[in-house]
Amino acid sequence: MAVSRTIIVAGAGIGGLTAALALAAKGFRVIVLERTERLDEVGAGLQLSPNASRILVELGLQPRLDACAVVPDAVTAINARSGRAIVRMPIGNVAVRNGAPYWVVHRADLQAALAAQVAAHPSIDLRLGCAVEDVAPHANGVTVSAGGGQEPGLALISADGIWSAVRGVAFPKTQPLFSGLIAWRGTIPAEAMPDGERLRGVQLWLGPEAHLVVYPISSGRRINLVAVVNGSWNQRGWSARGEPTEIVARFAHWAGAARALIGTVENWTRWALFAMPDGGVWNQGPIAMLGDASHGMLPFAAQGAGMAIEDAAVLAAGLAASHGEGRGGTAAEVAATLQRYAALRRPRVRRVQQLARQNGVIYHLPGAAAIARDVAMRALGPDRLLARQSWIYDWRP
């Protein structure tokens, strides 16, 4: 296939693999360059609401994900001090309205499903242990140096994460900022749930200067815990080891059920939460940014993966509309296409980034402010609370 039909993707995470599948579905040849030697099980659980799951279903992922994802029955907000439910929101209704599932899934399971789909596609070449070394835009697109060779293509898609090497070339002055928050992550076997409880939904525990999210993953065999606290530790990375006694002490004044959950985790990892500026950075000539590389956000709207998946669908559709069916394009024409992609995505992503940041403040309210929050949530009720998220869930590419 001609060079003009080749798209190069940097990064084989969720956004990069989804972009590869979406682009290949539009008739492009795709080369995916991943710097690591293998796709390790990095991270823990994540949530995929219908705006994202619909795209994965359309790409043929449903059979693979049905085998490992969990469809939760509800999200229950819980007061951390009393242990009593504030409100229970039946998110199954969201899936019914949108005609697409609401999944909770282990990040590694999702990445493995995407990688298997990629491996089965004849138009996608996934290269592990192949880091991007240099990027050279030119009149016909871009040439990427990687793994000791050079690959020419129509465009380069940067999906290489919050610490993107490609973004360092295209936007050297734009870097993620530390939020002052740290996520502690761990999992436990489902049978280790306190009191033998079988968890079917998502628990969101809200406390002063901290919150805890708990939900089943891996077909319900394991339970994912994410405990978010204030702190100054800000090393890069996803999986620095955390000392259990430290996180147990941070939740010592919470309700017994929350303390029992936290105390059950044997191995904790820490993740300092960094975020990109609101609105993200999107394209520079024939180079486009996607997912965390563009707009890494706080995880408090459960939309980090979802926005990357949306980016992939919009980007593939835009490139196909302008450069599909055997058409190539000059670097200027490709840049114009990528600018349109940026214009489509920037307002929505900015709004989600702002929502996530606002949620983090609301989750961590202390004292009288927390009491007022709980009263307001009960007064609104589950239907109106869910309706406030409909602009996210109802989106279609």
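This dialogue walks through several features of a predicted model and how to read them.

Q: What should be kept in mind about the model and its numbering before reading any feature?
A: This is a predicted model, in which local features need pLDDT of at least 70 and side-chain atom pairs count only at pLDDT 80 or more, while totals for chains, interfaces and linings use all residues. Residues are numbered from 1 along each chain as its sequence is written, and side-chain values use heavy atoms, with hydrogens and water left out.

Q: How do strands β4 and β5 pair, and over how many bridges?
A: Helices (H or I, at least four residues) and strands (E, at least two) are DSSP runs numbered from the N terminus, and two strands pair if DSSP finds at least two bridges between them. Here β4 (residues 75-79) and β5 (residues 85-89) pair in the antiparallel sense over four bridges, with threonine 76 standing opposite arginine 88 of β5. Five residues lie between the strands of this hairpin, and glycine 83 takes a positive phi near 80 degrees there.

Q: Which residue meets aspartate 73 in a salt bridge?
A: Side chains of opposite charge can pair when their charged atoms come close. The term salt bridge is used for a side-chain nitrogen of Lys or Arg within 4 Å of a carboxyl oxygen of Asp or Glu. Aspartate 73 meets arginine 88 in such a bridge, at 3.4 Å from N to O. Because aspartate 73 lies in the loop between α3 (62-66) and β4 whereas arginine 88 belongs to strand β5, the pair ties together parts that are 15 residues apart in sequence. With buried meaning under 20% relative accessible area, exposed over 50%, and partly exposed in between (1.4 Å probe, protein chains only), aspartate 73 is partly exposed at 33%, and arginine 88 is partly exposed at 46%.

Q: How many salt bridges does a search of the whole structure find?
A: The search finds nine. Among them, aspartate 125 and arginine 127 meet at 2.8 Å, N to O; aspartate 125 is partly exposed at 27%, and arginine 127 is partly exposed at 23%. Glutamate 243 pairs with arginine 241, the closest N and O atoms being 3.8 Å apart, and here glutamate 243 is partly exposed at 37% whereas arginine 241 is exposed at 59%. Glu310, Asp311, Arg345 and Arg348 are linked in a network of salt bridges.

Q: Where does helix α12 kink, and by about how many degrees?
A: The bend at a residue is the angle between axes fitted to the seven residues ending there and the seven starting there. In α12 (residues 367-387), a kink of about 100 degrees lies at glycine 381, shortly before proline 382. Glycine 381 is also one of the buried residues of this helix, which include Arg373, Asp374 and Met377. With contact meaning heavy atoms within 4.5 Å, the buried residues of α12 pack against elements including β4, β5, β13 (202-207) and α11 (331-363).

Q: Which residues have the most contacts inside the largest nonpolar core?
A: In soluble globular proteins, nonpolar side chains tend to be buried together. A nonpolar core is a set of buried Ala, Val, Leu, Ile, Met, Phe, Trp, Tyr and Cys residues joined through side-chain atoms within 4.5 Å. The largest one has 92 residues, and Val30, Leu48, Leu110 and Leu290 have the most contacts inside it. Helix α10 gives the largest share of this core, 11 residues. A second, separate core of 46 residues includes Val142, Val166, Ile182 and Ile262. Beyond residues up to four places away in sequence, leucine 110 touches Ile14, Leu46, Leu48, Leu56, Leu65 and Val105.

Q: Is asparagine 224 buried or exposed, and which residue's backbone nitrogen lies 3.1 Å from a polar atom of its side chain?
A: A polar contact is a pair of N or O atoms within 3.5 Å; within protein, one must be able to donate a hydrogen and the other to accept it, and residues adjacent in sequence count only if both atoms are side-chain atoms. Asparagine 224, found in strand β15 (residues 222-230), is buried at 0% relative accessibility, and the backbone nitrogen in question is that of glycine 45. Glutamine 203, in strand β13, is buried at 10%, and its side chain makes a polar contact with the side chain of tryptophan 205 at 3.0 Å.
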